[in-house]
Each structure stands twice: as structure tokens, then as C-alpha cells.
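Open your viewer and keep the selection tool ready. This tour goes stop by stop, from a ligand to helices to loops.

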Amino acid sequence: MSVGVDVRVRGLSHDYMTSNGPLRVLDGVNVDVPAGGYAAITGASGAGKTTLLAVLGGLERAGKGRVEVGGQDITRLSGDELATYRRSTVGFVFQHFGLLDTLTAAENVELATTLAGTARGERRARAAELLAAVGLSERAGHRPTALSGGERQRVAIARALANCPRLLLADEPTGNLDGRSTARVIELLEEVRLEHGCTLVMVTHDAALASRAGHQLVLRAGRSGRTGHAA
Ligand SMILES: Nc1ncnc2c1ncn2[C@@H]1O[C@H](COP(=O)(O)OP(=O)(O)OP(=O)(O)O)[C@@H](O)[C@H]1O
Ligand SMILES: [Mg+2]
């Protein structure tokens, strides 16, 4: 059973280097999510939502500020420590899925557990269970190129859940799904959160979904603020 981590970000600023010099995309962002909490991040396209998730997930190094996950400031970790953090703590549902085209749906899900050192039989069973949970048992043997966009998205969700991460970061996980699949995916994420106590941070453009989260954060041109109240 995983136990969620609390997330506390203070004064996070981040620049991307471009040919025209540094481009500031996060500018003094603060985030607070308690362990086991559910936070929704909304904001216009280009506001910095994916960048914020990438920093939280240890994929992008913060330019400035503190990023504490489970009481540990991840901005201070070495490259190796950050790799361990990503593997042991974080589950990531990428906006563009990030599936490996040479592997089947089931192998994509299994790969995450291989890296975590889970035994083979258990890996298979876990992958099958998760693909069933996202309604894709019939497609387990398909490669991503032979799946629809929404199906790929659901494989990406199954993969992120494979190791029961303590921090689950989901970048528009329902962006390609119809109403019924959206409801199923949200139910699954909620179920995993409640069962394993993991912390969920989800980016969404869906205001109705965001309003159901206990904590809401809106990014406007790289600055954080709160919408509404806890659900
Ligand atoms: N590697 C990069 N190099 C330079 N600029 C970048 C890079 N990645 C993103 N950006 C810029 O940073 C800004 C924030 O990008 P980000 O992907 O975080 O936005 P977003 O809020 O997730 O948008 P969307 O809703 O469209 O997914 C954008 O203006 C984008 O063009
Ligand atoms: Mg994005």
C-alpha cells in the first residue's frame, strides 16, 4: 500500500532557454496539496501547466524556488537521486501519452513494473488488471499505432498506476475521451487515490472535473491563484 506525499511549492519560477533568450513560463508559483489530496490545475493553453507537472515529477529542474514533496526539496537532488525519485514516487500520465510504439499495450504497462523490479508473474497480472480497469482487455496485444487516441490515453493511465505511485501526476488524462470513458477514468483515479492514499495532481480543461477536486489551482501566464473552494 502506498502512502501519499504532501506537495508544497514556494516561489517557483522557471525559464526555458530559447534562441531569443530566456522565456519565463512559471513566475512565483505556490502549490499546496496535502498527502492523499486531489488537486486540479486549470489555465489557458500555454499558461505553464505541463511545465509545472514536469517540475513536480522531477522531469524538469526548477529554475528558482522550493519544491517539497513528502518534506524533501527535490530541487536539491542529484541527477541519480532525481531518477530514483521519479521511479519510486511518481506516476506520470503524459499529455501526449509517451507510449513506446514497439511494445504492445500490455508490455507498455508492464515496463513500468519491470523498472521497479516486480516479479514477472505479478507484472503480467497487474498489467492485465489495469488494462481491464480502463476497459482495454481486448486491446492488450495492440501496439500504440493500432490504438485510437482515447485508447492510447487509457493505456498511459494504466501504466502510470502500475506501481501504485505516491504522487500521481496526470496531464489532461481525459482530453481525448468521450463522456463515458471520462467518467470511468475519473472513477479509476479516485478509486486508486482512496485505496492507496496517493496524492493526485491533475491538469484539466474541464471545469466540471476541476470543481470536483478538493484543491484547485489556476495558472494565469505562469502565476498561480486559486479558483473557488474545496469540494
Ligand atoms: N522546451 C521548451 N522550450 C521553450 N519553450 C517552451 C518549451 N516547452 C514549453 N514552452 C513554452 O512554455 C509555455 C508553457 O508551456 P506548457 O506546455 O507548460 O503550457 P500548458 O499550460 O501545458 O499548455 P496546454 O494547455 O496547451 O497544454 C508555452 O508558451 C510554451 O510555448
Ligand atoms: Mg500542457
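Which of the 15 residues around ligand 1 come nearest? Select ligand 1 and look: they are Ser45, Gly46, Lys49, Thr50 and Thr51. Bear in mind as you go that this is a predicted model.

**Stop 1: contacts of ligand 1**

Stay on ligand 1 and show its oxygen atoms. Begin with glycine 46. One of its backbone N or O atoms lies 2.8 Å from an oxygen atom of the ligand. Move on to alanine 47. Here a backbone N or O atom is 3.2 Å from an oxygen atom of ligand 1. Now pick lysine 49. This time the side chain takes part: an N or O atom in it is 2.7 Å from an oxygen atom of ligand 1.

How much of the accessible area of ligand 1 does the protein cover? On its own, ligand 1 has 640 Å² of accessible area, and the protein covers 63% of that.

**Stop 2: the shell around ligand 1**

Colour by secondary structure. Select α1. Its 3 residues are the largest share of the shell. Then colour the shell by residue type. Expect 5 nonpolar, 8 polar and 2 charged residues.

**Stop 3: helix α3 and its partners**

Select helix α3, residues 105-115, together with helix α5, residues 149-161. Their axes are 8 Å apart, and the two helices pack at an angle of about 25°. Angles under 35 degrees count as roughly parallel, so α3 and α5 are roughly parallel to each other. The crossing of α3 past α5 is right-handed.

**Stop 4: two loop residues**

Finish with backbone angles. Most residues other than glycine have a negative phi. Now select cysteine 164, in the loop between α5 and β7 (167-171). Cysteine 164 has a positive phi of about 45°, although it is not a glycine.

Where does glutamate 172 lie? Look in the loop between β7 and α6 (179-196). Glutamate 172 is not a glycine, yet it has a positive phi of about 45°.

Technical notes. Residues are numbered from 1 along each chain as its sequence is written. Chains are lettered from A and ligands numbered from 1 in the order in which they are written. This is a predicted model: local features need pLDDT of at least 70, side-chain atom pairs count only at pLDDT 80 or more; totals for chains, interfaces and linings use all residues. Side-chain values use heavy atoms; hydrogens and water are left out. A residue is near a molecule or strand if one of its heavy atoms lies within 4 Å of it. A polar contact is a pair of N or O atoms within 3.5 Å; within protein, one must be able to donate a hydrogen and the other to accept it, and residues adjacent in sequence count only if both atoms are side-chain atoms. Accessible areas come from the Shrake-Rupley method with a 1.4 Å probe; for residues, only the protein chains shown count as cover. Helices (H or I, at least four residues) and strands (E, at least two) are DSSP runs, numbered from the N terminus. Ala, Val, Leu, Ile, Met, Phe, Trp, Tyr, Cys and Pro count as nonpolar, Asp, Glu, Lys and Arg as charged, and the others, Gly among them, as polar. Axes are lines fitted to C-alpha atoms, for helices over the stretch in contact, and angles run from 0 to 180 degrees between N-to-C directions. Angles under 35 degrees count as roughly parallel, over 145 as roughly antiparallel, 65 to 115 as roughly perpendicular and the rest as oblique. A crossing is left-handed if the near helix is turned anticlockwise from the far one by less than a right angle, and right-handed if clockwise.
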